Amino acid sequence: MRIVLLGPPGSGKGTQAVRLSEHYRVQHVSTGDILRDEVARQTELGKQAKSFMDQGELVPDQLVVDMVAARLKDSFVLDGFPRSLPQAESLDLLLKEKNLPLTAVFNLDVPEEEIVRRLTKRLVCLACKAVFPSGTQGACAKCGGKLGKRGDDKPETIRERLRVYRQKTKPLEDYYHHRQGLLRQIPGMGAPDEIFKLLTQQLDSAKSKN
Ligand code: ADP
Ligand code: ZN
């Protein structure tokens, strides 16, 4: 199973990626999580990535592509990658070399007003990075860690992330639709459980056709 999740920031990619990776027992690759970890550990990559992330810009393609290539296993859910055409082309090349075609690409479709609402309000666990809706009280339900705001979830940065999304990432819908016929649109407004059900239904029927 090799899955790509596309969608704007705050569309629920991270939540669904965790569930899918547990359900199908495949690797979960979140480039956002990996990059935040590199920044926290002050690695060379983290130092290079930090200012881009703080401003809501994309980290340069080559850095992210190398980072993914070094980790990618044979079965995976990609969350937050690819995010630009050059990244998608690099991924294609990598998978072609290994003769491992993608199973499906899902686009979680959520209107922009809703995105802004979600991102300005969401809370994250500062320890395990789990995401919680606004108004959640107390500690993280998963690990007991403290809840707080993500540094890049402030209004100016959210606007910039959305601009970058429209300009660089949105075109990937066409890329996967036209070049590979792999794209499936998923309405991202429903409850997480409903969206998860839609995703697994589609994946299970894709599997039984192969
Ligand atoms: P979002 O909620 O915006 O989807 P992510 O956690 O996926 O957040 O990413 C946070 C930041 O990490 C991005 O704004 C960007 O700076 C950087 N980043 C994550 N994935 C990529 C990628 N594939 N290419 C370039 N930059 C990335
Ligand atoms: Zn936690």
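The legends below describe close-up views of two ligand sites in a predicted model. Residues are numbered from 1 along each chain as its sequence is written, and local features need pLDDT of at least 70, while side-chain atom pairs count only at pLDDT 80 or more. Chains are lettered from A and ligands numbered from 1 in the order in which they are written, and side-chain values use heavy atoms, with hydrogens and water left out.

**View 1. The shell around ligand 1.** Ligand 1 is surrounded by 19 residues (a heavy atom within 4 Å), and the closest are Thr31, Arg36, Glu57, Gly80 and Gln87. Helix α2, residues 31-40, gives the most to this shell, with 4 residues (helices are DSSP runs of H or I, at least four residues; strands are runs of E, at least two).

**View 2. Polar contacts of ligand 1.** A polar backbone atom of glycine 80 lies 2.8 Å from a nitrogen atom of the ligand, a polar contact being a pair of N or O atoms within 3.5 Å. An N or O atom in the side chain of arginine 161 is 3.0 Å from an oxygen atom of ligand 1, and for the side chain of arginine 122 the corresponding distance to an oxygen atom is 3.4 Å.

**View 3. The zinc ion (ligand 2).** The SG atoms of Cys125, Cys128, Cys140 and Cys143 coordinate the zinc ion at 2.3 Å (donors are N, O and S atoms within 2.8 Å of the metal, or 3.2 Å for Na, K and Ca). The arrangement is tetrahedral because the 4 donor atoms subtend angles of 101 to 116°, where all angles must lie between 85 and 135 degrees.

Terms used:
Polar contact = N/O pair within 3.5 Å; in protein donor to acceptor, adjacent residues only side chain to side chain. Tetrahedral: all angles 85-135°; square planar, octahedral: opposite > 155°, others 65-115°.
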